[in-house]
Amino acid sequence: MESRILRVENLSYKIGSHWILRNVSFNMFRREFVGIIGPNGAGKTTLIKAIVGDLNDYSGKISVSGKIGYLSQNPERQRDFPIRVREVAGMGLYGERGILKSFRKSDWRRVEELLETVGILDLKDRKAGTLSGGEYQRLMLARALASNPELLILDEPEAGVDEMGKASFYRLLDSLKNEKNMGILMVSHDIGMVFEACDTVMCINKTLHCHTAADRITPEELQLAFSGDLDLFIRSRDHFEREHNI
Ligand SMILES: Nc1ncnc2c1ncn2[C@@H]1O[C@H](COP(=O)(O)OP(=O)(O)OP(=O)(O)O)[C@@H](O)[C@H]1O
Ligand SMILES: [Mg+2]
């Protein structure tokens, strides 16, 4: 296995007397594409927030080696704000370059490369508010990639993207993983796609129910993780059985 980029040890978090996460421990490596699945309210976004540093009062330990690129769940869209696609992507460079006014030609070239990578270079001068849902997600991905992260974290990036769009989005992630040697940690409700695209699957429902190679997971492990949401489990199991011919 390649070198470790993330270590989570005994992560627990509660709000009042209510446990949101309990004793979550795992390691993640470069060139590993990890899919996190679990029902609504399972604590997936909370886990992501702890990893990216948006959550302070947890117990346990999180160590990240390298830069993180992060695409949050439901990023806010300001449809009327007159900012262009290339400027939104450029915001991802703020950390190293400062505000857009101080951008040099080479920075704008980098922005164009990013837009090309995610397949929306032809939209660079459009107002960001006019993009479709799928195009906007690609823009958010370009922004998250701007800092050349070693660890890319995506919280439900395919929400609102059609099936064709999802498949090409996952292919793009897979090629980024291989070409840039990145680790990708992605939360998704698209269980079928997760099993297809990811190397490793983690089932979370307050605690980590399973953490295994995507082709090794059993229906029993899935059932355990989704016990609170029978409908979701039945659909996922159906998907699972069709795809794996059990
Ligand atoms: N600030 C908060 N105050 C109270 N409860 C919270 C807060 N933030 C999260 N929670 C609760 O913590 C639980 C886990 O939330 P979280 O957003 O991590 O779930 P999730 O697994 O990402 O769900 P989804 O699939 O719907 O995005 C939920 O029950 C949620 O209501
Ligand atoms: Mg969430």
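Mentor: Let's begin with Asn23, which counts as partly exposed because it has 14 C-beta neighbours inside 10 Å. Please keep in mind throughout that this is a predicted model. Asn23 is found in strand 2, and its phi is near 50°, a positive value in a residue other than glycine. That deserves a second glance, since most residues other than glycine have a negative phi.

Now widen the view to the strand itself. Strand 2 (18-29) pairs with strand 1 (residues 4-15) in the antiparallel sense, over eight bridges. To find the pairing on your screen, look for Leu6, which stands opposite Met28 in strand 2. These strands belong to an open sheet of three, in the order 2-1-4, with antiparallel pairing. Strand 2 and strand 4 (59-64) stand at the edges with a single partner strand each, so one side of each is left without a neighbour in the sheet. From one strand to the next, the twist in this sheet averages 15°. As background, the strands of a sheet pair through backbone hydrogen bonds, either parallel or antiparallel.

Why does Glu156 count as buried? It has 20 C-beta neighbours inside 10 Å, and a residue is called buried at 20 or more. Asn23, with 14 such neighbours, counts as partly exposed.

Six strands form an open sheet in the order 5-6-7-3-8-9, and the pairing is mixed. At its edges are strand 5 and strand 9, each pairing on one side only. The twist here averages 15° from one strand to the next. For a parallel pair, turn to strand 3 (residues 33-37) and strand 7 (residues 183-187), which four bridges join. Gly35 has Met186 as its bridge partner in strand 7.

Next, find helix 5, which lies across strand 5 and strand 6 and runs at about 160° to strand 5. Helix 5 has 13 residues and reaches 19 Å from its first C-alpha to its last, close to the 18 Å expected at 1.5 Å a residue. Helix 5 is mostly covered, with 10 of its 13 residues buried; among them are Tyr136, Leu139, Leu141 and Leu145. What do the buried residues of helix 5 pack against? Their partners are strand 5 (68-71), helix 2 (85-90), helix 4 (105-117) and strand 6.

Follow the chain onward from helix 5 and you reach Glu150, in the loop between helix 5 (133-145) and strand 6 (151-155). Glu150 counts as partly exposed because it has 19 C-beta neighbours inside 10 Å. Leaving aside its neighbours within four places in sequence, Glu150 is in contact with Ile5, Arg30, Gly66, Lys67, Met182 and Gly183. Glu150 and Ile184 are 34 residues apart in sequence, yet 8.5 Å apart in space from C-alpha to C-alpha.

You will also see a ligand. Among the residues that surround ligand 1 are Ile15, Ile20, Gly38, Lys44, Thr45 and Gln73. By class, the shell around ligand 1 has three nonpolar, seven polar and one charged residues. Its largest share, three residues, comes from helix 1 (residues 44-52).

To finish, step back to the protein as a whole. It has nine helices and nine strands, and buried residues make up 38% of its 246 residues. Of the contacts with a separation of 6 or more, 68% are between residues 24 or more positions apart.

Conventions. Residues are numbered from 1 along each chain as its sequence is written. Chains are lettered from A and ligands numbered from 1 in the order in which they are written. This is a predicted model: local features need pLDDT of at least 70, side-chain atom pairs count only at pLDDT 80 or more; totals for chains, interfaces and linings use all residues. A residue is near a molecule or strand if its C-beta atom, placed from the backbone, lies within 6 Å of it. Helices (H or I, at least four residues) and strands (E, at least two) are DSSP runs, numbered from the N terminus. Ala, Val, Leu, Ile, Met, Phe, Trp, Tyr, Cys and Pro count as nonpolar, Asp, Glu, Lys and Arg as charged, and the others, Gly among them, as polar. A residue is buried if 20 or more other C-beta atoms lie within 10 Å of its own, exposed if 12 or fewer, and partly exposed in between; C-beta atoms are placed from the backbone. Two residues are in contact if their C-beta atoms, placed from the backbone, lie within 7 Å. The expected span of a helix is 1.5 Å times one less than its number of residues. Two strands pair if DSSP finds at least two bridges between them. Axes are lines fitted to C-alpha atoms, for helices over the stretch in contact, and angles run from 0 to 180 degrees between N-to-C directions.
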